[in-house]
There are 2 protein chains.
Amino acid sequence: MPKQVDHRDRQEHISRALWHVVDKHGWAKATMREVAREAGVSLGQVQHYFSSRTAMLTFAMDHASAQTSSRISDRLQDLDPAGHPREVLRIVLTEMLPLHSDSRVTSRMSAAYVLEALHDEELRAQARIGMQAGRAMVERLIRQAITDGHIDDDRDPVVETDLLLALTGFTPLLELGVIDADAALKSIDTYLDRLFTSAGDPAKL
Amino acid sequence: MPKQVDHRDRQEHISRALWHVVDKHGWAKATMREVAREAGVSLGQVQHYFSSRTAMLTFAMDHASAQTSSRISDRLQDLDPAGHPREVLRIVLTEMLPLHSDSRVTSRMSAAYVLEALHDEELRAQARIGMQAGRAMVERLIRQAITDGHIDDDRDPVVETDLLLALTGFTPLLELGVIDADAALKSIDTYLDRLFTSAGDPAKL
């Protein structure tokens with residue numbers, strides 16, 4: 001059905017315009033009017049595709065999350081058949097950090113979305129569902145790595161999942177230039193080495 | 001000089017009004033006009049005390065940082081004479097997380113400030129200086145703990161400092177209710193136990 005495809009394309013076009021506004025000018029500037037200007041469409045058209053700023057934001061965030069997932073999948077395909085779990089977790093974590101321009105845009109989008117969600121119950125519920133799904137995915141990977149003997153079985157999978165996700169706190173340090181990408185990657189590698197080497201994993205490089 | 005004291009008091013009053021606006025309604029609402037309304041003063045008065053939104057924001061952020069430092073100092077005073085470095089680092093880290101209402105306000109203020117700083121060079125320079133100072137303080141504590149044998153001397157103080165600060169990434173997980181305060185504290189304690197127990201520290205509780 002071409003009409004639906006077109007509708008979706010338009011929404012994505014507007015959603016990308018929103019990302020650019022957030023990326024270039026910050027959250028305070030991301031009004032429907034400014035997004036329309038950036039997308040080169042009328043305010044009425046933005047309002048046709050999105051019933052509210054919240055709807056526009058939710059769509060743009062879902063789209064950004066899908067882009068992040070797609071980048072992760074692409075990088076995982078370059079790995080060996082299944083991929084060593086250390087490498088899988090490294091890819092998942094580093095793609096959430098502003099280490100290159102694509103992940104910087106989605107990272108800023110995500111930070112702005114969380115802040116906005118604190119004051120909007122509908123957004124907050126959406127954001128929580130998205131983050132819970134991401135957290136569950138990481139916990140499954142960690143549980144599997146424990147089952148497969150890549151991580152010591154005295155490690156608590158819930159604690160390890162939360163600690164790994166907490167490392168997204170490199171974001172403000174990177175964004176403000178307090179540390180550089182090499183420093184963040186060195187710390188992440190040291191962290192993952194400790195998580196995985198404790199099991200004396202023979203498959204580890 | 002009473003006049004200067006009064007000036008400072010007024011600035012702090014307006015700065016607290018800004019926090020409340022950010023905390024209750026989010027960053028997008030934090031205009032000078034809205035802050036004036038919240039503080040119960042005229043827009044002209046806000047403009048008298050702050051030459052720009054940037055100046056207002058920088059003052060409010062410095063004031064929030066001072067409040068965080070003061071909370072940390074208060075909690076450190078309850079410790080033994082010098083305080084075991086594990087407890088000191090635990091207090092520094094947990095006071096940066098939104099685990100109670102005071103730290104929630106300063107944490108939200110800080111997150112909003114970082115996002116705004118990405119699009120304002122003056123703010124970004126200010127924010128970087130503040131974060132570098134906090135990072136340097138944590139690195140000094142870690143180096144001292146290594147010197148004193150509380151942390152194994154094969155640990156890299158730069159990496160350990162960056163990893164500890166990265167754990168402020170618990171913030172969005174807490175703010176969205178993906179994990180609760182107990183889960184965050186359990187993970188932080190597990191993390192600190194590993195950092196400190198490796199040295200087999202006899203002073204550890």
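This is a predicted model: local features need pLDDT of at least 70, side-chain atom pairs count only at pLDDT 80 or more; totals for chains, interfaces and linings use all residues.
1. Symmetry of the pair. Two copies of a chain are related by a rotation about an axis and a shift along it. In this model a rotation of 180 degrees, with 0.0 Å of shift along its axis, superposes chain A on chain B with an RMSD of 0.0 Å. That is the relation of a two-fold axis. The C-alpha of chain A that is nearest the axis belongs to A:Gly169, which lies 1.8 Å from it.

2. Extent of the interface. Where chain A and chain B meet, 44 residues of chain A are in contact with 44 residues of chain B. The copies meet through the same surface, because 100% of the interface residues of chain A are also interface residues in chain B. The area buried between the two chains is about 3,800 Å², and carbon and sulfur atoms give 71% of that area.

3. Between chain A and chain B the model has four salt bridges. A:Asp156 forms a salt bridge with B:Lys186, and the closest N and O atoms of this pair are 3.1 Å apart.

4. Elements and composition of the contacting side. On the side of chain A that touches chain B, at least two residues each are supplied by helix H1 (2–25), helix H6 (101–117), helix H7 (121–147), helix H8 (157–166), helix H9 (170–175) and helix H10 (181–197) of chain A. The residues of this side divide into 22 nonpolar, nine polar and 13 charged.

5. A loop residue facing the partner chain. A:Leu176 is found in the loop between H9 and H10 of chain A, and at 0% relative accessibility it counts as buried. When its neighbours within four places in sequence are left aside, A:Leu176 is in contact with B:Val114, B:Ala117, B:Arg124, B:Ala127, B:Arg128 and B:Met131.

6. Helix H8 of chain B. Nine of the 10 residues of helix H8 (residues 157–166) of chain B are buried, so this helix is largely enclosed by the rest of the structure. The buried residues include charged ones, B:Glu160 and B:Asp162, and also B:Leu163, B:Leu164 and B:Leu165. What covers the buried residues of H8(B) comes from both chains, and includes H8, H9 and H10 of chain A together with helix H5 (85–95), helix H7 (121–147) and helix H10 (181–197) of chain B.

7. Side chains of opposite charge can pair when their charged atoms come close. Over all chains the structure holds 34 salt bridges. One of the pairs is that of A:Arg108 and A:Glu175, whose side chains meet at 2.9 Å, N to O. This pair links distant parts of the chain, with A:Arg108 in helix H6 and A:Glu175 in helix H9 of chain A, 67 residues apart. Both A:Arg108 and A:Glu175 are buried. In chain B, the side chains of B:Arg90 and B:Asp189 meet in a salt bridge at 2.7 Å, N to O. Here too the pair links distant parts of the chain, B:Arg90 being in helix H5 and B:Asp189 in helix H10 of chain B, 99 residues apart. Both B:Arg90 and B:Asp189 are buried.

8. A:Arg90 has its place in helix H5 (residues 85–95) of chain A. With a relative accessibility of 18%, A:Arg90 counts as buried, since the cut-off for that class is under 20%. Apart from its neighbours within four places in sequence, A:Arg90 is in contact with A:Arg75, A:Leu185, A:Asp189 and A:Leu192. A network of salt bridges links A:Arg90 with A:Arg86, A:Glu87, A:Asp189 and A:Asp193.

9. A salt bridge within one helix. The side chains of A:Arg143 and A:Glu139 meet in a salt bridge of 2.8 Å, N to O. The two residues are separated by about one helical turn, because they are four residues apart in helix H7 of chain A. An α-helix has 3.6 residues a turn, so residues three or four places apart point the same way. A:Arg143 is partly exposed, with a relative accessible area of 42%, whereas A:Glu139, at 14% relative accessibility, counts as buried.

How values were computed. Residues are numbered from 1 along each chain as its sequence is written. Chains are lettered from A and ligands numbered from 1 in the order in which they are written. Side-chain values use heavy atoms; hydrogens and water are left out. Copies are superposed by least squares on the C-alpha atoms of residues with pLDDT of at least 70 in both. Contact means heavy atoms within 4.5 Å. Buried area is the accessible area (1.4 Å probe) that two parts lose on being put together, summed over both. Buried means under 20% relative accessible area, exposed over 50%, partly exposed in between (1.4 Å probe, protein chains only).
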